[in-house]
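Visitor: I would like to go through this structure with you. Could we start with one of its loops and move on from there?

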Amino acid sequence: SKADPIIVADGITRTFGGITAVDVEHLEIPRGAITALIGPNGAGKTTLFNLLTGFDRPATGTWSFDGRSLSNTPAHKVARMGLVRTFQLTKALGLLTVMDNMKLGQQGQVGERFWTSLIPALWRSQDTAIEGRALDLLRKFKLDAKKDDFAASLSGGQRKLLEMARALMTEPTLVMLDEPMAGVNPALTQSLLDHILDLKDLGMTVLFVEHDMHMVRHIADWVVVMAEGRVVAEGPPDDVMRNPAVVDAYLGAH
Ligand code: ATP
């Protein structure tokens with residue numbers, strides 16, 4: 001399945017003060033599959049997400065997405081090239097409506113904190129085709145009735161769904177989800193899983209960070225394990241879960 005990887009990364013390092021958060025020699029993410037990125041707290045998973053998507057810059061390293069080099073490409077351009085991500089703590093902009101959040105997604109603006117800096121992007125997205133696409137996605141995620149509500153009024157799970165819907169506005173080929181299940185109540189869990197499986201059925205590649213091993217076994221085709229910034233194992237879920245190095249990586253953290 002890795003004959004034609006969608007991401008190829010080499011020699012990526014990132015340090016904070018004296019701490020090496022990421023030290024990845026080589027990483028490939030298979031195209032068209034659902035890959036889980038797992039590892040103990042502090043393993044560097046979110047930092048790697050930030051680097052690959054242009055939200056942070058590495059000290060060293062190169063990587064490509066779909067055959068194109070991404071080093072030094074800003075996040076909103078990365079998103080418009082087809083690589084989009086969500087956040088562990090959702091960045092749905094509470095003081096904007098659900099619809100305006102979707103419009104910003106179309107502009108590749110998926111991680112800005114300050115909505116006032118986004119007014120030009122909102123103006124650029126006053127377009128009926130964009131609104132139509134947003135409405136279709138909101139219907140699919142059962143958020144269409146909330147389109148004029150402030151995002152702040154949504155539940156935690158609904159915010160996760162909005163983030164996923166917003167990420168799809170750029171018609172991505174790779175969707176990276178950072179802990180999609182965290183803070184989601186059980187009533188929405190199955191729906192979120194179905195949406196993730198649906199992305200694959202629609203031809204997208206998915207890479208997600210998750211601590212819930214039940215979910216990883218249930219939906220991942222491939223698993224990459226990180227510990228202390230490094231990739232320590234990878235393979236099909238059942239093989240990886242039986243790997244002593246993986247068990248060590250987890251037990252070592254507690
Ligand atoms: P978790 O599962 O808890 O989310 P993670 O695998 O995503 O963990 P990271 O959040 O990437 O791990 O953190 C990796 C290491 O880098 C940790 O030691 C963390 O404290 C450190 N780190 C990450 N971001 C920063 C930052 N902005 N400033 C300082 N240290 C950071």
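Visitor: Where is Asn72 found?
Guide: In this predicted model, Asn72 lies in the loop between β5 (68–69) and α2 (75–80).

Visitor: What is the phi of Asn72?
Guide: Asn72 has a positive phi of about 70 degrees, although it is not a glycine. Most residues other than glycine have a negative phi.

Visitor: And is Asn72 buried or exposed?
Guide: Asn72 is exposed, because its relative accessible area is 62% and the cut-off for exposed is over 50%.

Visitor: What about Glu228, which also is not a glycine: what is its phi?
Guide: Glu228 has a positive phi of about 50 degrees. Glu228 sits in the loop between β9 (222–227) and β10 (230–235). With a relative accessibility of 70%, Glu228 counts as exposed.

Visitor: Let us turn to the helices. How far apart are the end C-alpha atoms of α5?
Guide: The end C-alpha atoms of α5 (residues 128–140) are 18 Å apart. At 1.5 Å a residue, the 13 residues of this helix should span 18 Å, so the two values agree.

Visitor: Which residues of α5 are buried?
Guide: Ile130, Ala134, Leu137 and Leu138 are the buried residues in α5. They cover an arc of only 100 degrees around the axis, and therefore lie on the same side of α5.

Visitor: What do the buried residues of α5 pack against?
Guide: They pack against α3 (98–106) and α6 (156–167). On the face turned away from the buried side, α5 carries the exposed residues Thr128 and Ala129. Just after α5, Lys142 takes a positive phi of about 55 degrees.

Visitor: α6 has come up. How many residues does α6 give to the lining of the largest cavity?
Guide: α6 gives three residues, the largest share of that lining. The lining consists of Thr86, Lys160, Glu163, Met164, Leu177 and Pro180. By class, these residues divide into three nonpolar, one polar and two charged.

Visitor: What is the volume of the largest cavity?
Guide: The largest cavity has a volume of about 40 Å³. A search of the whole structure finds one cavity of 30 Å³ or more.

Visitor: Which element gives the most to the lining of the second largest pocket?
Guide: α1 gives the most, with three residues. Both β2 (19–29) and α1 (45–52) supply at least two residues each. The lining as a whole has five nonpolar, seven polar and two charged residues.

Visitor: One more residue, Val246. Where is it found, and is it buried or exposed?
Guide: Val246 is found in helix α10 (residues 244–252). Val246 counts as buried because its relative accessibility is 4%, and the cut-off for buried is under 20%.

Visitor: Which residues does Val246 touch?
Guide: Leaving aside residues up to four places away in sequence, Val246 touches Val225, Ala233 and Val240. The C-alpha atoms of Val246 and Met226 are separated by 8.8 Å, and these two residues are 20 residues apart along the chain.

Visitor: Finally, the whole chain. How many helices and strands are there?
Guide: The chain has 10 helices and 10 strands. Of its 254 residues, 53% are buried. Among contacts between residues at least 6 apart in sequence, 66% join residues at least 24 apart.

Methods. Residues are numbered from 1 along each chain as its sequence is written. This is a predicted model: local features need pLDDT of at least 70, side-chain atom pairs count only at pLDDT 80 or more; totals for chains, interfaces and linings use all residues. Side-chain values use heavy atoms; hydrogens and water are left out. Helices (H or I, at least four residues) and strands (E, at least two) are DSSP runs, numbered from the N terminus. The expected span of a helix is 1.5 Å times one less than its number of residues. Buried means under 20% relative accessible area, exposed over 50%, partly exposed in between (1.4 Å probe, protein chains only). The arc is that of the directions from the helix axis to the C-beta atoms. Contact means heavy atoms within 4.5 Å. Ala, Val, Leu, Ile, Met, Phe, Trp, Tyr, Cys and Pro count as nonpolar, Asp, Glu, Lys and Arg as charged, and the others, Gly among them, as polar. On a 1 Å grid over the protein atoms alone, a cavity is a set of points where a 1.4 Å probe fits but cannot get out, and a pocket is an open set with protein on both sides within 12 Å along at least five of seven lines; lining residues have an atom within 4 Å of a point. Grid points are joined across faces, edges and corners, and a volume is the space filled by probe spheres set on the points.
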